[in-house]
Amino acid sequence: EIDNFDLSMSWQASDQTFLQFSLFHKYLTNPITKVLGQRASDGFFISYNNAESGTVQGLEIETDHRFNENWNIGGNLSYIVSNLVPGPSTIPAPILADSFEGQPNWILNLNLGYTLPDYGFTANLIYNYTGDYLAAVTGTQAVPSVVRDPAHSLDLIVRKSFTTSFGDGNVAFKVSNLLDDATSFTYEKRD
């Protein structure tokens, strides 16, 4: 069960500029959490367990500005806090975490776009930053949870749309991870 509350305020500063602020709060009852457990006989296993409850809340700021009919820039920044109440169940493994697996605190997206509307051509250079987050929650004190380290990516997407006697279509070309940022994981520090 999820109770969801959203509040947003948007402002169209001009025909070219848009700005929006959003607050959100989600309360989850019995959310499912992926758990990494350990058995003496055959090592680690991945399973799922219900937590008692959890919340996800935060703030998002979004903007877009069109310089002319060809160029635009936009982006959004989110700050998110998640809290997890593990609950009493230890079958198949206990949940030893106080935040949601896969939920970063910070997400930033920026987009620089170029469009030729008469030719059906668009090109977008997209930057993404994702803060660190729990990647695997362990169900044993012997092994700490796994954290995905912050990641930066820069992608280029070029698209050309066309019309033929058979219908409409498009061709897209994408180059991902132009920054060559490696995905890395570390063990969570425990007190």
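Analyst: The answers below set each value against its definition.

Analyst: This is a predicted model, in which local features need pLDDT of at least 70, side-chain atom pairs count only at pLDDT 80 or more, and totals for chains, interfaces and linings use all residues. Residues are numbered from 1 along each chain as its sequence is written, and side-chain values use heavy atoms, with hydrogens and water left out.

User: Why is Leu7 called exposed?

Analyst: The relative accessibility of Leu7 is 58%. Exposed means over 50% relative accessible area, buried means under 20%, and partly exposed lies in between (1.4 Å probe, protein chains only). Leu7 therefore counts as exposed. Leu7 is located in strand E1; strands (E, at least two residues) and helices (H or I, at least four) are DSSP runs numbered from the N terminus.

User: Which residues does Leu7 touch, and how far is Leu7 from Asp149?

Analyst: Not counting residues up to four places away in sequence, Leu7 touches Phe21, Ser22 and Leu23, where contact means heavy atoms within 4.5 Å. Leu7 and Asp149 are 142 residues apart along the chain, and their C-alpha atoms are separated by 30 Å.

User: What makes up the nonpolar surface patch, and which elements supply at least two of its residues?

Analyst: Leu7, Met9, Phe21, Leu23, Leu59, Ile61, Leu77, Tyr79 and Trp106 make a nonpolar patch of about 820 Å². Patches are made of residues with over 30% relative accessible area and no salt bridge; nonpolar side chains (Val, Leu, Ile, Met, Phe, Trp, Tyr) are joined within 5 Å, and like charges within 9 Å. The areas come from the Shrake-Rupley method with a 1.4 Å probe, and for residues only the protein chains shown count as cover. At least two patch residues come from each of strand E1 (2-12), E2, strand E5 (53-66) and E6.

User: What makes up the largest nonpolar core?

Analyst: The largest nonpolar core has seven residues: Phe24, Leu28, Ala51, Val56, Ile80, Leu84 and Phe100. A nonpolar core is a set of buried Ala, Val, Leu, Ile, Met, Phe, Trp, Tyr and Cys residues joined through side-chain atoms within 4.5 Å. Strand E2 (17-29) and strand E6 (71-85) are the elements that give two or more residues to this core. Setting aside neighbours within four places in sequence, Phe24 is in contact with Phe5, Asp6, Val56, Gln57, Gly58, Leu59 and Ile80.

User: How do you know that Glu101 and Lys34 form a salt bridge?

Analyst: The closest N and O atoms of Glu101 and Lys34 are 3.8 Å apart. A salt bridge is a side-chain nitrogen of Lys or Arg within 4 Å of a carboxyl oxygen of Asp or Glu, so a pair inside that limit qualifies. Glu101 lies in the loop between E6 and strand E7 (106-116), and Lys34 lies in strand E3 (residues 32-39), 67 residues apart. The structure holds one salt bridge.

User: Why are Glu101 and Lys34 called partly exposed?

Analyst: Glu101 has a relative accessible area of 29%, and is therefore partly exposed. Lys34 has a relative accessible area of 26%, and so is partly exposed.

User: Why is Thr130 called buried, and where is Thr130 found?

Analyst: Thr130 has a relative accessible area of 15%, and is therefore buried. Thr130 is found in strand E8 (residues 121-130). The C-alpha atoms of Thr130 and Ile107 are 4.7 Å apart in space, although the two are 23 residues apart in sequence.

User: What makes Asn30 partly exposed, and what is its phi?

Analyst: The relative accessibility of Asn30 is 45%, so Asn30 counts as partly exposed. Asn30 has a positive phi of about 55 degrees although it is not a glycine, and is found in the loop between E2 and E3.
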